[in-house]
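Welcome, and thanks for taking a look at this one with us. Please open the structure below and keep it beside you while you read the briefing.

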Amino acid sequence: MSSTRLWGRDAGREVTCIACGETVDRADAREYDKHGDRWDRDDKQFEFLCKPCDSACCHQNREGLEEALVAARAGQTDQKTFLRRFCELTVEDAN
Ligand SMILES: [Zn+2]
């Protein structure tokens with residue numbers, strides 16, 4: 001499925017929340033850039049958070065989140081592996 005073809009008219013496009021794995025409408029998702037510089041859009045594939053996860057994230061300490069995402073190989077491994085590793089890393093962090 002091509003996502004670039006719909007670039008610019010995201011309505012109706014579905015994205016997957018990187019935190020909970022829910023599929024949500026693009027219009028209901030928040031863009032998340034693990035590199036933290038959303039204005040630099042060249043050659044980038046953005047990740048998404050659903051609104052519940054996005055608001056949950058806002059109440060949590062973000063310190064170490066980028067490192068955890070990179071350590072979990074965000075965007076470089078299949079989603080199942082990434083989510084498992086990310087959960088392990090964040091659980092370890094909380095302890
Ligand atoms: Zn979510």
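Which protein atoms are the donors of the zinc ion? They are the SG atoms of C17, C20, C50 and C53, lying 2.3 Å from the metal. Do keep in mind that this is a predicted model. The protein chain has 95 residues, with three helices and four strands.

**Overall layout**

- Reading from the N terminus, the order of elements in the protein chain is β-β-β-β-α-α-α.
- Buried residues account for 27% of the 95 residues.
- If we take contacts between residues at least 6 apart in sequence, 37% of them join residues at least 24 apart.

**The zinc site**

- The site of the zinc ion is tetrahedral, with angles of 104 to 113 degrees among its four donor atoms.
- Along the chain, the donors of the zinc ion show the spacing C-x2-C-x29-C-x2-C.
- Distant parts of the chain are linked by the pair C20 and C50, which are 30 residues apart. C20 sits in the loop between β1 (14–16) and β2 (23–25), while C50 belongs to strand β4 (residues 47–50).

**D54 and S55 in helix α1**

- D54 is part of helix α1 (residues 51–58), and S55 has its place in helix α1 as well.
- D54 counts as buried because its relative accessible area of 16% is under 20%. S55, by contrast, is partly exposed, with a relative accessible area of 35%.
- Which residues does D54 contact once its neighbours within four places in sequence are left aside? The answer is R30 and L49.
- With R30, the contact includes the side chains: a polar contact of 2.8 Å joins those of D54 and R30.
- D54 and A19 are 35 residues apart along the chain, and their C-alpha atoms are separated by 8.8 Å.
- For S55 and R30, 25 residues apart along the chain, the C-alpha separation is 9.8 Å.

- D25 lies in strand β2 and is partly exposed, with a relative accessible area of 26%.
- A polar atom of the D25 side chain lies 2.9 Å from the backbone nitrogen of A27.
- D25 and V15 are 10 residues apart in sequence, and their C-alpha atoms are 6.2 Å apart in space.
- R26 is found in the loop between β2 and β3. R26 counts as buried because its relative accessible area is 13%, and the cut-off is under 20%.
- The side chains of R26 and E31 are joined by a polar contact of 3.4 Å.

**E47 in strand β4**

- E47 has its place in strand β4 and counts as buried, at 13% relative accessibility.
- What does E47 touch, not counting residues up to four places away in sequence? Its partners are I18, R30, E31, Y32, K34, A74 and G75.

**The nonpolar core**

- In soluble globular proteins, nonpolar side chains tend to be buried together.
- Here, the largest nonpolar core has 19 residues, and the members that touch the most others are Y32, L49, L69, F82 and F86.
- At least two residues of this core come from each of β3 (29–32), β4, α2 (65–71) and α3 (79–94).
- Domain 1 (1–59) and domain 2 (61–95) each contribute at least three residues to this core.

**A backbone feature at R73**

- Most residues other than glycine have a negative phi.
- R73, which is not a glycine, has a positive phi of about 60 degrees.
- Where is R73 found? R73 lies in the loop between α2 and α3, and at 38% relative accessibility R73 counts as partly exposed.

Key
Residues numbered from 1 in each chain as written. Predicted model: local features only at pLDDT ≥ 70, side-chain atom pairs only at ≥ 80, totals over all residues. Heavy atoms only, no water. Donors = N, O, S within 2.8 Å, 3.2 Å for Na, K, Ca; no water. Tetrahedral: all angles 85-135°; square planar, octahedral: opposite > 155°, others 65-115°. Buried < 20%, exposed > 50% of the residue type's maximum accessible area, 1.4 Å probe, protein only. Contact = heavy atoms within 4.5 Å. Polar contact = N/O pair within 3.5 Å; in protein donor to acceptor, adjacent residues only side chain to side chain. Core = buried A, V, L, I, M, F, W, Y, C linked by side-chain atoms within 4.5 Å. Domains from an automatic or database assignment.
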